[in-house]
Each structure stands twice: as C-alpha cells, then as structure tokens.
Amino acid sequence: MIPAAPPARALDAPSFSASRFRAEREADWIAFDLLLTKLEKKGAKALTSDELLQLPLLYRATLSSLSIARATSLDKALLDHLKALSIRGYFLVYGVRETRWNRVRRFFLYDWPAAVRSVWKETIIISLIILLGAITSYSLVASNPEWYYNFVGEDMAGGRDPRATREFLQSTLGHGKAAGEGESGLHIFATYLFTHNSRVSIMSFALGFAFGVPTMMLEYYQGIGLGAMMAVFAGKGLGFDFGGWLFIHGTTELFAAALSGAAGLRIGAAVVFPGARSRLQAASHAGRTAGKVMIGVILMLFMAGLLEGFGRQLITDTMLRYGIGTLMLLFWIGYYYIPRREDVT
Amino acid sequence: MSAAAAKANAKSRASRAKKIRQFITPEGVDLELKIASSGLRFGALLVDLILIILALFLFSLVMLWIGFASQSDITIVVWMLGAFVLRTFWFIGFELGSRAATPGKRLMGIRVVARDGGRLTADAVVARNLIRELELFLPLMMVGVGAAEDAVSGWTMLAGVLWSLTLSLFLLFNRDRMRMGDLIAGTWVVMAQRVKLDADIATDGAGDAMLFSEAELSVYGIFELQELERVLRSKDARAMREVADTIRAKIGRAIAEEDDVFLLSYYRQLKARLERKLLFGKRREDKYASD
C-alpha cells in the first residue's frame, strides 16, 4: 500500500538555490513594481485591460515569492524588498473597491441617513439635555433676572440683557431700522458663524470618548444660553418674535448640534458599555458611525450658516421665518428617518 | 560574558519583534507590519503643519491681492472658507487617497491602515482626523483660556494643560502607538517604506577566491550574516576593514588578501551554508544559538 519511493532521479535534479530562485522570478517583481507605480500615479483608469488582468496575477506571484524567500533565502535586501512590495500591492489591490463618485453617492443616499438613524437614542438624550438646559435657565432668569449675567457672557449678549429696552431688543431681531450692520457684511457674518459652529461641534464630538460627560456638559451649556436669552425676550413680550428669529436657522443648527453631541455620546457609551466586544473594538465601531454623522453635521452647519447669515437678515417677517424653519426641520426629519429600500440589503 | 551578550542580543531582538504586528492577507501570507515610531509620527505632523501654514500664507497673499484689486469683500468669505477647509480637510483629503498618507507621512515612509486588516474607509479617516482637532488645539486652548482670564490661577491652568497633554500624548502610553483618534477610528499607522531591489551580491563577479572550512563557517548565525551583508552593500572601506579584522581574529586567519575579497567569499560561503541548513528546517538566529 505504501507508494513506491521516488526514483533515484532526484539526485541529478537541479539543486535549489536562492540565486536561481531570484533570477527566475525577478522579472515578475519588476513588472509588479512598475504596475503599482502607474496605479498610484494615474489611478486605475490609466491601466489597460491587459494590465488590469495582470495585476492580481503579479500580486499573487509576489506574495508567493515572499513566502518562498522567507523559507529559503537569507538575503536581507531581497526579503525587505519583497515585503515592502507585497505590502504596497496588498493595499492597492484590496484597498479601493468603488469609484470616488460612487462613494459620494452612497454616502448621501444611504450611509449618512443610516448613521444618523442608528444614533437615534443618543440624539434624543442630547436633545433632552439641551431642552433641560434651556428650561433651567429660562425659569431661573424669569424668576430673577440677575441670574442672566451668570449664564450669558458680556460679549455674547451684546447689550441684549434684562436692562435693555423693548425697542432695542426688537431692533436686534431685525425689525427696526437700527439693525446694525448693513447687508454687505452678511456673507462674512454667515461664514464666520459656519466656521465657529463647526469647530464647536467637532469639539463636542471629539470630547465624547471621555465617557460622554464633557459632551453632555457642552450641550447643556448651549441650552442654558438659549433659555436665558429666551427669558429676556419673553419678559418684554417679544417671545414670539424671538422664536421666529431663532427658528429660521435654529432648527437646522440645533439639530446639527444635537447630532454632534449624539456622535460623541455614542463613542463614550461604547467605551463604558462595550457589550460582548472588547472595548477597543466597540470604540472603533462607534467611531466609524460617528465619523459619518460628523460629515453630515458639518454640511448641516453650512446650511444653517447660510440660513442665519442670509435668510434671517433678509427675511424679517416672523411668520415666514417660522415657516422656513419648520420646512427645514421637516426636510431633515424626512431625509433621516423615512426608511428606504437599501435598508433591507 | 558571552551569556550576558547572548541575553542582550535576545532582548534587542525581542524589542524589535514587539513592534511587528501579524497581518495576514486573504492569501494566507503574514505581511508583518511594523508600527511606526512616535518620533516618525511627530516628524510627519511637523512637516504637515509647516506645509499647512505655508499653503495658508500663500493663499492669504493671493486673496489679499485679489481683494485689493477687486475692492470686494467676497474674498474675505473665500479666505475664511478656504482656511477652514485647509485646516479640517488637509489630513482627511490626503489620507483618503490610494497611499493613505499625508505629504508628511509619505516623507517619513508611513501610512494609515485599518486595524482589522480590512480596507480603510472614509468614515474611519474622518473620525481619526476630527479627533486631531482636539488633540492639537486643546492644550493650546487651555493656555489661551488660562492667560485670558485672571481668575484662573497658575496651578489650575497647569493642571488643565497637563490633563490635555496626557490626551495629546496618548500614543506614548500604549504599545501600538495609537493616537486617541486611531483608537476611536480603529486604525494603525505602520511603516510603508519603499525598498529598492539591490543587486544579488551572492552571484555577481568571479567565483570564490578562497575557501573556508566547515569549522570556520560554523561560528556565525543569521544575524551576523545579515550584518555582514549590510556592511558589504554600504561599501564603506573603514567598516569593512573593521569587520574583516574581527572575523579574521575569530577564525584565526592571517591577513593575506584584500578585505572586500575576503568578506565577499566569507559571506557567500556562510550564506550558502546557512541556507542549506534552512532548507533542512534548521534556523540558527545568531552566533549564540547552537549550531
């Protein structure tokens, strides 16, 4: 049953040598190197179909050479070269499976809303925290206006405090003629608002890993400023107008703020309660979802900046302001939460 | 003495192995990725920051020039947006490319890799780089806030800066050299240098000028062989003289021929011997290992 021993022919078979191995395979490595350089410089489109077919073959040939070289050769220069070439090849061959355009399209159609949907619990928590902050400061300032100075800084208030007259407050809402800056400065103002708000949101996201505590504090603080301001205006009977002034961009901006907080909180929660996975795995999984949400947040803030800088200054009718704000809110809710067909796959 | 040297040698090899991470391709080959050192990471960051500042400076000059020429304040908007995009998307944009490295990282020969061996996704790149905002600017902000408000005492400020620094220097405290952002995005930064394929010094030129006995070849292992290879490739006459003298003393040969001829012959025969043993499944790591 035992197979017959191989014939004595093995004696005169050519002996294996590392140098011969290299001489036989070197052409493949050089061709692979050239192909990779071309791919890196000009992208996959520059390759002919012949070259595209060659790519996986040469990649596998190189990997197999690496395995053989490791087992048989002690030439360090050769080993290092093959390893570096294999690493380069691996990341190019397995790296990108989609065109850039396709990735963008999928992000807007599917990935972004799906990521936002998946942090719905955190979004509700952060929204409640903002609301809680607003209610706290509102009730405190309404009962005793002195509290206001603890909540809103001098530079941020810009004279909008409990001592201000009704006329002045109204003028800051853009109804009177004393609306301050002329319309030429609007776009600068809008850009400033956008870059500033984006940075705050990035911070509130980035602080999330500290168990989400700083994130929640930051969002609470945002609510506090809002509530205090609202109490001042409501005290002078301007509550409805102030609401419109806030609503036109506020629905987008506060939604974005809540989402950035939710993204941070998701990471914090994953670190504290990793579930069945290891803490590192859970954090990186949450980080990727949060990363998607954050791209969306920056886009939303860009819209909010436009609305705040242009829309609010140009549209002074309170009802119209409410209308636009509601429309934006409905748009975002629809975009994020209406289920779509790709969800199934 | 030799025991102590053997120990030191084994230790240095272990510390080198500590930086290597198993990374198995679907074809079943371990690519043995090497974690990039903190020094390289810092160097790459410095290069990138300098490039960003340079780009920002040039951009500002162009915008100023256009602004003065056109007398329109739209250039301020373009400038503000441009600066924001440059600052936030410099790292993201480059790391999304096929080489997954910013210019600084390319210069240092390192790249970003997904920790699980999958492909590097855009959301991971975004997450790791938005956290950078925090790591870079929080310590600066702490100093700024502390200096702006007199109410904050020096000690409070110091505590704040120290706290934020532990965050920024997080990569020094773990063996995978992960930043806070790497941790959250599930990425690593590894070596990705290109290595030129050098000529095979074991075959070119004339045959073996001199012959060594089995006893003379059995004193060294793989580590010494590869050090010898490095010296031979560098072609530094002084280093070659030193190495040749050491080997001659060790195997007890008189100086009778040129250093390079001696070393090359010794290298070839040692390599042939060790490779032959390798084919029989015996790998002698260094001269301290048993033959």
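In the domain assignment, chain A is split into domain 1 (18-97) and domain 2 (104-339). Please keep in mind that this is a predicted model. Chain B is likewise given domain 1 (20-191) and domain 2 (214-279).

**Chain B as a whole**

The secondary structure of chain B consists of 11 helices and 4 strands. Its radius of gyration is 27 Å, well over the 19 Å that the globule rule gives for 291 residues, so chain B is more spread out than a compact globule. Along the principal axes, the C-alpha trace of chain B spans about 85 × 50 × 40 Å. Of the 291 residues in chain B, 26% count as buried. If you look at contacts in chain B between residues at least 6 apart in sequence, 66% of them join residues at least 24 apart.

Now turn to strand β3 of chain B, residues 110-114. All 5 of the 5 residues in β3(B) are buried, so the strand is largely enclosed by the rest of the structure. Which way do its residues point? B:Ile110, B:Val112 and B:Ala114 point one way from β3(B), while B:Arg111 and B:Val113 point the other way.

The partner of β3(B) is strand β4 of chain B (residues 187-191), and the two pair in the antiparallel sense over 5 bridges. Within this pairing, B:Ala114 stands opposite B:Thr187, and the bridge partner of B:Arg111 is B:Val190. In β4(B), 4 of the 5 residues are buried, so this strand too is largely enclosed by the rest of the structure.

B:Trp188 has its place in strand β4 of chain B. Is B:Trp188 buried or exposed? With 21 other C-beta atoms within 10 Å, B:Trp188 is buried, because the cut-off for a buried residue is 20 or more. Leaving aside neighbours within four places in sequence, B:Trp188 is in contact with B:Ile35, B:Val113, B:Arg115, B:Asp176, B:Met178 and B:Asp182. B:Ala249, by contrast, is 61 residues from B:Trp188 along the chain, and 46 Å separate their C-alpha atoms.

**Two loop residues with positive phi**

B:Glu32 is found in the loop between β1 (20-21) and β2 (33-34) of chain B. Although B:Glu32 is not a glycine, it has a positive phi of about 50°. B:Glu32 counts as partly exposed, with 17 C-beta neighbours inside 10 Å.

B:Arg177 lies in the loop between α6 (154-168) and α7 of chain B. B:Arg177 also has a positive phi of about 50° without being a glycine. With 20 C-beta neighbours inside 10 Å, B:Arg177 counts as buried.

**Where the chains meet**

**The nonpolar cores**

The largest nonpolar core has 116 residues, and those with the most contacts inside it are A:Ala228, A:Leu259, A:Val293, A:Met294, B:Ile184 and B:Val190. Helix α11 of chain A (residues 239-272) provides the largest share of this core, 18 residues. Leaving aside its neighbours within four places in sequence, A:Met294 is in contact with A:Phe205, A:Ser260, A:Ala263, B:Val126 and B:Leu130. Apart from this core lies another, of 15 residues, among them A:Leu74, B:Tyr220, B:Tyr266 and B:Leu274.

Technical notes. Residues are numbered from 1 along each chain as its sequence is written. Chains are lettered from A and ligands numbered from 1 in the order in which they are written. This is a predicted model: local features need pLDDT of at least 70, side-chain atom pairs count only at pLDDT 80 or more; totals for chains, interfaces and linings use all residues. Domain bounds come from an automatic or database domain assignment. A residue is buried if 20 or more other C-beta atoms lie within 10 Å of its own, exposed if 12 or fewer, and partly exposed in between; C-beta atoms are placed from the backbone. Two strands pair if DSSP finds at least two bridges between them. Two residues are in contact if their C-beta atoms, placed from the backbone, lie within 7 Å. The radius of gyration is taken over C-alpha atoms; the globule rule is 2.2 Å times the number of residues to the power 0.38. A nonpolar core is a set of buried Ala, Val, Leu, Ile, Met, Phe, Trp, Tyr and Cys residues joined through C-beta atoms within 7 Å.
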